[in-house]
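Work through the exercises below with the sequence and the 3D structure at hand. Try each task before reading its solution.

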Amino acid sequence: MLLTRENLVNLILALGLLAVPLAANALGQPFYITLATRVAILALAATGLNLALGVGGLVSFGHAAFFGIGGYAAGILAAHNFSGDPLFFGFSGTNQMWIIWIVAVAMAGLVGLVIGAISLRTSGVYFIMITLAFAQMVYYFAVSWPAYGGEDGLSILVRNQFPGVMTMVPLNYFLICYVILLLGIALFAVIRASRFGAALQAARQNEVRVATVGIQPYRIRLTAFVISAALTGLAGALFADLNRFVSPSMLSWHMSGELIVLIILGGTGRLFGPLAGAALYVAFEYALGGLTERWQFFLGLILLLVVLFARGGLLGVLAGKARHG
Amino acid sequence: MKKMLAAATLALTLSASGLAFAAPLKIGMITTLSGGGAGLGIDTRDGFMLAIKNAGNKDITVVTEDDAQKPELAVQIADKMIQSDKVDILTGIVWSNLLMAVAPSATAQGKFYVSTNAAPAQLAGAACNKLYFNAAYQNDNLHEAMGQYANKGYKKMFILAPNYPAGKDSLTGFKRYYKGDLAAEVYTQVGQTDYAAEIAQMRASGADGIFVFLPGGMGIAFMKQFAQSGVKIPVMGPGFSFSQDVLPAIGDAALGAKASGQWAPDFDNAASKKFVADFQKEYNRLPSIYALQAYDAAQLITAAASKASVKDAAAFGAELKKADIKSPRGNFKFNTNQHPIQDIYLTEVVKNNGVLTNKTVEKIFSDHGDAYAKDCKL
Amino acid sequence: MTIALALEQLLNGIQLGVMLFLMAAGLTLIFGVMGLINLAHGSLYMVGAFACATVAAWTGSFWIGLVASLIAAAAAGAIVELVVIRRLYDRDHLDQVLATFALILMFSEGTRWLFGSFPLYLDIPPLLQGAVALPGGTEYPLYRLAIIAAGALVAFGLYMLISRTRLGMRIRAGESDREMIGALGVDIRTLYTVVFALGAALAGFAGAMVGAIQSVQVGMGEPVLILAFVVIVIGGIGSIKGALLGALLVGVTDTMGRFLLPKLMLLFVPPAQAGMIGGAIASMLIYIVMAVILAVKPRGLFPPAHA
């Protein structure tokens with residue numbers, strides 16, 4: 001890997017995210033570990049979305065659906081494991097994170113396949129809005145379906161387990177999320193650099209040309225959308241375990257909006273854009289929330305200024321224009 | 001940080017009331033100060049801070065932060081307050097769904113939680129906790145009272161609530177005491193703003209009374225639309241449907257509506273008169289039921305803090321449970337599940353010197369607890 | 001269930017549809033001419049409602065408040081267009097979504113800053129109070145009939161404006177070829193500001209009309225914004241006719257779903273559950289309808305011919 005300016009910035013970001021919780025742990029300030037874990041998880045969710053949105057140009061305004069489905073997968077499995085009520089065929093949930101992750105990825109991917117198969121028939125603004133509509137459907141379903149807490153959500157009383165690790169220790173849980181984030185980013189890089197990724201980008205830039213060389217843009221996009229949904233779903237499962245709680249607000253359109261915000265804030269389509277965006281967003285939210293009751297106003301103002309004047313997001317400012325464009 | 005300092009200096013400038021102080025106590029208030037539900041959070045904060053100010057205990061500090069009515073944000077703030085600000089007690093959450101996200105994990109970390117409003121059934125029953133107290137009620141209480149009231153003179157009720165857990169608890173609570181027939185049981189969408197379809201069903205249902213539980217903006221919309229519909233069936237609801245935070249926005253359309261409450265601003269006792277006068281002097285408006293509940297929560301905490309150190313959880317919890325306060329609502333004590341046992345009254349919306357307010361009509365329940373206490377093993 | 005009740009519900013559905021049309025018309029106009037997705041349209045609706053409530057409280061007249069709502073929303077729209085939106089026309093939809101999302105946060109918190117956290121009072125004018133008897137014997141609120149009439153007037157007015165006036169000609173030209181009208185010497189920057197202010201005024205008008213029978217509070221624009229997007233997507237983005245028909249379809253579907261689905265569920269499950277399950281499906285119904293329509297017609301029912 002060449003030591004370009006972007007790679008250097010990426011390296012600093014990755015090490016910085018690791019350094020904060022280690023320092024916080026040494027100084028006895030566990031809350032900053034929680035904050036860093038939140039950054040890692042949101043970055044993973046946005047990395048998933050970035051595959052569809054940044055590389056494939058598919059502006060999904062409904063990724064909260066996958067985030068929430070991943071979260072509910074964790075919540076429901078843990079709740080059944082806790083109560084002992086069978087979920088189906090005598091299987092009564094689990095508290096093992098790796099099983100939960102597989103289920104979250106599978107469920108989000110499956111729902112992504114259904115939503116994507118229908119939504120990808122449309123394009124442009126229609127695609128933005130139909131993905132929003134599907135997310136709203138899932139949201140209202142979760143709010144009104146009584147079995148798993150409805151609007152009240154579902155508590156995970158004890159954080160789920162991972163072999164050989166005390167997950168309740170904040171630093172340990174951070175490290176789990178951090179490793180998964182790095183793996184997610186690596187997957188993103190591999191896909192983007194592959195022939196598949198090239199076809200996906202080509203389909204974004206010139207659909208007709210791709211079709212004439214015998215590639216079906218629809219199938220390429222659908223595949224990317226499903227992988228994207230699955231990654232975001234995995235992040236949802238981690239998020240549920242971080243908060244030890246899952247509720248329909250993970251599925252709300254505000255959440256979808258926030259995921260998009262993270263990507264643009266960091267730099268659309270950039271490998272480390274979601275991480276940069278998530279770090280910046282969580283830092284703003286935390287700092288402003290402590291300063292003023294009117295923090296949402298200033299958050300809005302900052303976002304607006306970024307869109308208007310800092311095109312390319314944080315990475316655009318720090319590392320210059322993207323190679324891919 | 002600024003707010004914390006402000007609270008500390010506020011406490012310092014006040015004259016100490018001369019009680020023996022046990023130990024420093026730090027309270028974390030998480031409540032809704034932005035967005036559509038901010039009115040309730042602001043009343044909660046103001047009522048709470050009024051009692052803190054009155055207590056004049058300079059060892060008590062309060063940190064406040066906005067949850068924007070988002071469960072994830074509430075969890076994050078709770079983590080921060082516990083891990084970074086090192087608070088001893090959390091309080092202030094208005095909504096059941098946010099409380100469910102915060103309270104079980106706070107008590108699991110050994111912190112007290114004193115609820116100023118939300119009171120989901122789980123936390124009153126099987127999932128009760130010796131560190132969790134509710135200073136308001138149990139969610140079902142006010143609905144139960146209206147069910148009891150409806151038995152007098154109503155034979156066929158049309159009942160309606162939003163389709164979420166608190167809404168289902170509401171209608172369950174109503175039906176627990178109501179013995180007559182139901183014309184219909186309708187669940188509306190959360191956040192719904194147009195009720196034409198439901199009002200048309202009410203008109204056609206042949207009901208002789210209507211019970212609605214629609215908090216906040218939903219209730220405002222419903223009452224205004226109902227008043228225009230020409231339907232003449234009497235409307236009743238739990239107290240928060242016609243509380244002081246929404247009455248000015250509903251306007252005269254609320255006149256005559258019957259509701260249940262554990263308190264109304266016209267209560268004729270010294271503690272209530274002092275509370276209303278102090279609140280009006282401090283904030284220049286009438287207190288709502290949320291302000292009252294938060295005021296009592298703060299009273300409970302300061303009373304306990306003057307007797308025991310919060311570091312000794314068992315002793316502090318025992319002091320809290322004694323509920324040695326003068327509540328504006330009159331009778332107040334804690335049940336075995338640490339939820340209130342209190343009287344519940346029927347109120348009616350009236351106009352008093354041009355201001356809409358609730359007038360007490362009669363007592364519905366004396367020393368009323370809740371249906372879930374028997375499931376609580378404390 | 002009687003015929004009269006079914007008819008009344010149909011009327012309710014149409015009335016809800018007309019309310020949605022008032023919102024959707026401005027949204028679809030702005031998209032049609034400038035190609036802009038404006039998530040902050042709901043905030044302009046809120047501005048209209050707050051302006052109307054405040055001025056009505058000062059003057060005691062709903063009608064003066066209604067005029068104020070038009071002015072306030074149009075002014076807010078024009079300012080937003082001049083300061084922010086015009087920098088976004090040549091950006092992709094992504095930047096537009098984010099910038100207008102940021103505007104929502106600022107509008108909501110700014111409104112709370114100015115007006116406080118408690119809902120405002122806004123009542124129906126005395127002229128339109130009460131209910132009138134419909135043929136068939138049931139009573140219906142006069143104000144809701146007035147909303148239907150206002151919506152019909154707005155639809156007609158927009159039709160006249162676009163098909164018969166010089167401004168309308170430019171709008172149509174702008175919809176079909178943006179570069180061309182610039183080349184023809186039309187001041188396109190002014191045109192865009194005017195169109196945006198017009199769309200904002202429509203949203204403000206809707207906010208004031210609807211505010212009188214709902215709750216005037218911060219965040220009131222968001223639920224109706226999402227519904228308005230559903231409407232214009234179903235109708236075909238950029239088409240006023242599509243917005244009108246889409247709005248009526250959504251209004252009637254939503255009302256009838258809420259009314260009939262719980263009754264349908266009664267055939268299968270006990271009453272308490274029927275209400276819950278029926279309600280749950282009813283709340284998802286319009287999104288299901290939208291997904292089905294887009295799956296069959298990916299560009300809505302009435303896609304504008306040129307785009």
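The exercises that follow concern a predicted model and go from one whole chain down to single residues, then to a contact between two chains.

**Exercise 1. The build of chain B**

Task: State how many helices and strands chain B has, and decide how compact the chain is from its radius of gyration.

Solution. 
- Step 1. Counting the secondary structure of chain B gives 13 helices and 13 strands.
- Step 2. The C-alpha trace of chain B spans about 60 × 45 × 35 Å along its principal axes.
- Step 3. Of the 378 residues in chain B, 65% are buried.
- Step 4. Take the contacts in chain B with a separation of 6 or more: 72% of them join residues 24 or more positions apart.

**Exercise 2. Two domains in chain B**

Task: Find the bounds of the domains of chain B and describe the side of domain 1 that touches domain 2.

Solution. 
- Step 1. Domain 1 of chain B covers 2–137 + 267–334, and domain 2 covers 141–261 + 344–375.
- Step 2. Their C-alpha centres lie 28 Å apart.
- Step 3. To the contact, domain 1 of chain B brings 19 residues and domain 2 of chain B brings 20 residues.
- Step 4. On the domain 1 side, at least two residues each come from α2 (38–55), α5 (121–124) and α12 (289–305) of chain B. The largest share belongs to α2(B), with three residues.
- Step 5. Sorted by class, this side of domain 1 of chain B has 11 nonpolar residues, seven polar and one charged.

**Exercise 3. Helix α9 of chain B**

Task: Compare the reach of α9(B) with its expected span, and say how far the helix is enclosed.

Solution. 
- Step 1. Helix α9 of chain B runs over residues 217–229, which is 13 residues.
- Step 2. From first C-alpha to last, α9(B) reaches 18 Å, close to the 18 Å expected at 1.5 Å a residue.
- Step 3. In α9(B), 13 of the 13 residues are buried, so the helix is largely enclosed by the rest of the structure.
- Step 4. Just after α9(B) comes B:Gly230, with a positive phi of about 80°.

**Exercise 4. Chain A against chain C**

Task: Which element of chain A gives the most to the side that touches chain C?

Solution. 
- Step 1. The contact joins 35 residues of chain A with 36 residues of chain C.
- Step 2. The elements of chain A that give two or more residues are α5 (124–144), α10 (253–266) and α12 (295–309).
- Step 3. The most comes from α5(A), with 13 residues.
- Step 4. By class, this side of chain A has 26 nonpolar, seven polar and two charged residues.

Notes
Residues numbered from 1 in each chain as written. Chains lettered and ligands numbered in written order. Predicted model: local features only at pLDDT ≥ 70, side-chain atom pairs only at ≥ 80, totals over all residues. Contact = placed C-beta atoms within 7 Å. Helix = DSSP H or I, 4+ residues; strand = E, 2+ residues; numbered from the N terminus. Nonpolar A, V, L, I, M, F, W, Y, C, P; charged D, E, K, R; others polar. Expected span 1.5 Å × (residues − 1). Buried ≥ 20, exposed ≤ 12 C-beta atoms within 10 Å, placed from the backbone. Domains from an automatic or database assignment. Rg over C-alpha atoms; globule rule 2.2 N^0.38 Å.
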